[in-house]
Amino acid sequence: MILHKGEFLFRQGEHGGLYHITSGLFKIVRLHEDGNHILFNIIVPGETIPHHSLISPMAYHGTAIALTTSEVEPIPATEWYAQLEREPLRYRDIAIQLQDKLRMMQQRIDQLTQIAPADKLTHLQSWFQNYLSDIPITAILTQDEIGQLIGVRRETVNRLLRAQIKHI
């Protein structure tokens, strides 16, 4: 199935199947009781989500929203878990996927531990270029979301982006 930028793949609290991301990018946001959305994950091609349901079912922990036009293969939960029972070697595939995700998260932690906010932004932009080529990060994420990913306020992101434009 094809989803376009801004379309929802699933919503926080719902129950459902899994999805293999063939192409495109998704953001996972969590809605808090006060109405604030917090961006806490970026999903890239090759991942099967939700990660927390790869071995056993659980309600969706966040809402998945397409950042770009994306192709997704829906996987019915009953089919996924039945296949795991029939083919226990698939647990190794799940372990490798989770290892890859942990390594990606380690890279993001490395970005967050940069001292200078400008370095944090530059590293995040470089990482996104692996998936977006010539599309600027600001075309798919708000300044608030960028700030959430690098641990700074929206105003700081705005200032850093303006400074980058001046240096071009």
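Here's a quick briefing on the fold, the strand pairing and one loop glycine of this chain.

This is a predicted model, so local features need pLDDT of at least 70 and side-chain atom pairs count only at pLDDT 80 or more, while totals for chains, interfaces and linings use all residues. Residues are numbered from 1 along each chain as its sequence is written, and side-chain values use heavy atoms, with hydrogens and water left out. The protein chain has five helices and eight strands, where helices (H or I, at least four residues) and strands (E, at least two) are DSSP runs numbered from the N terminus.

**Overall build**
- Reading from the N terminus, the order of elements is β-β-β-β-β-β-β-β-α-α-α-α-α.
- The radius of gyration is 17 Å, close to the 15 Å that the globule rule gives for 168 residues, so the chain is as compact as a globular protein of that length; the radius is taken over C-alpha atoms, and the rule is 2.2 Å times the number of residues to the power 0.38.
- Along its principal axes, the C-alpha trace spans about 60 × 30 × 30 Å.
- Among contacts with a separation of 6 or more, 69% are between residues 24 or more positions apart (contact means heavy atoms within 4.5 Å).

**Surface and charge**
- Of the 168 residues, 39% count as buried; that label means under 20% relative accessible area, with exposed over 50% and partly exposed in between (1.4 Å probe, protein chains only).
- The accessible surface comes to about 9,600 Å², and carbon and sulfur atoms own 55% of it; areas come from the Shrake-Rupley method with a 1.4 Å probe, and for residues only the protein chains shown count as cover.
- The chain carries 16 positive and 18 negative charges, with mean positions 8 Å apart. Lys and Arg count as positive and Asp and Glu as negative, with His and the chain ends not counted; each charge is placed at NZ of Lys, CZ of Arg, CG of Asp or CD of Glu.

**The four-strand open sheet**
- The strands line up as β1-β8-β3-β6, with antiparallel pairing; two strands pair if DSSP finds at least two bridges between them.
- β1 and β6 (48–49) sit at the edges with a single partner strand each, so one side of each has no neighbour in the sheet.
- β1 (residues 2–3) joins β8 (residues 70–75) through two bridges, and Leu3 stands opposite Ser70 there.
- β3 (residues 18–23) pairs with β8 over five bridges, with Leu18 facing Ile75.

**Around β4**
- Six bridges tie β4 (residues 26–31) to β5 (residues 37–43) in the antiparallel sense, and Arg30 stands opposite Ile38.
- Five residues separate the strands of that β4–β5 hairpin, and Gly35 takes a positive phi near 95 degrees in it.
- β4 also pairs with β7 (residues 63–66), antiparallel and over four bridges; Lys27 has Ile65 as its bridge partner.

**Gly13, a loop residue**
- Gly13 lies in the loop between β2 (8–10) and β3, and its 48% relative accessibility makes it partly exposed.
- Gly13 and His61 are 48 residues apart in sequence, yet 6.3 Å apart in space, C-alpha to C-alpha.
- Setting aside neighbours within four places in sequence, Gly13 is in contact with Ala59 and Tyr60.
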